[in-house]
Amino acid sequence: MRAIILAAGAGTRLSPLTNGCPKCLVPMGAWQLIDFQVHALRAAGVDDIVLVVGYEGEQIRRHCGARARYIDNADYLSTNSIYSLYLAGPELDTDTFLFNCDILFHP
């Protein structure tokens, strides 16, 4: 199974927490938001995680490393989640979960 996580936006509504930090890396206790998602997805049997990154994408790549594959939305400042999803289109199949990067859930 595959999961696509849309994490390209600047997360301005969480400012100042997101000043220089992507929303998915905002700390929540000992982990960052993205860590909760990756952990829950792995626990649910998802073996392929694709992150669509934009704002501070290199920080996300450094943090998540090989736990995910990456798609770059270079136009994140002038586009929205639908465009990020469009970029991930080739990754969509019948066994794909889709999440925004700030959604927490139980496995």
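Trainee: What joins the side chains of Ser84 and Asn73?
Mentor: A polar contact of 2.9 Å joins them. The term means a pair of N or O atoms within 3.5 Å; within protein, one must be able to donate a hydrogen and the other to accept it, and residues adjacent in sequence count only if both atoms are side-chain atoms. Please note that this is a predicted model, in which local features need pLDDT of at least 70 and side-chain atom pairs count only at pLDDT 80 or more, while totals for chains, interfaces and linings use all residues. Residues are numbered from 1 along each chain as its sequence is written, and side-chain values use heavy atoms, with hydrogens and water left out.

Trainee: Where is the place of Ser84, and is that residue buried or exposed?
Mentor: Ser84 belongs to helix H3. It counts as buried because its relative accessibility is 4%. Buried means under 20% relative accessible area, exposed over 50%, and partly exposed in between, with a 1.4 Å probe and protein chains only. Helices (H or I, at least four residues) and strands (E, at least two) are DSSP runs numbered from the N terminus.

Trainee: Which residues is Ser84 in contact with, leaving aside neighbours within four places in sequence?
Mentor: They are Leu6, Ala8, Val52 and Asn73, where contact means heavy atoms within 4.5 Å.

Trainee: And Leu6, where does that lie?
Mentor: Leu6 lies in strand E1, and with 10% relative accessibility it counts as buried. Beyond four places in sequence, Leu6 touches residues including Val52, Leu85, Phe99 and Cys101. Leu6 and Cys101 are 95 residues apart in sequence, yet their C-alpha atoms are 5.6 Å apart in space.

Trainee: Changing topic: which residues of the largest nonpolar core touch the most other members?
Mentor: Of its 18 residues, these are Ile5, Cys24, Ile34, Leu41, Ile49, Leu51 and Ile60. The elements E1, helix H1 (33–43), strand E4 (48–53) and helix H2 (57–64) each give two or more residues to this core. A nonpolar core is a set of buried Ala, Val, Leu, Ile, Met, Phe, Trp, Tyr and Cys residues joined through side-chain atoms within 4.5 Å.

Trainee: Which residues of H1 are buried, and what covers them?
Mentor: The buried residues of H1 are Leu33, Ile34, Asp35, Gln37, Val38, Ala40 and Leu41. Their cover includes E1, strand E2 (27–28), strand E3 (31–32), E4, H2 and strand E6 (96–100). After H1 comes Gly45, with a positive phi near 95°.

Trainee: What of the loop between E1 and E2?
Mentor: Thr18 lies in that loop and counts as buried because its relative accessibility is 3%. Among the residues that Thr18 touches beyond four places in sequence are Ala10, Lys23 and Tyr55. Pro16 is in this loop too, and the peptide bond from Ser15 to Pro16 is cis, with omega near 15°.

Trainee: And what is the phi of Glu56?
Mentor: Glu56 has a positive phi of about 50°, although it is not a glycine. Most residues other than glycine have a negative phi, and most peptide bonds are trans. Glu56 is placed in the loop between E4 and H2 and, at 32% relative accessibility, counts as partly exposed.
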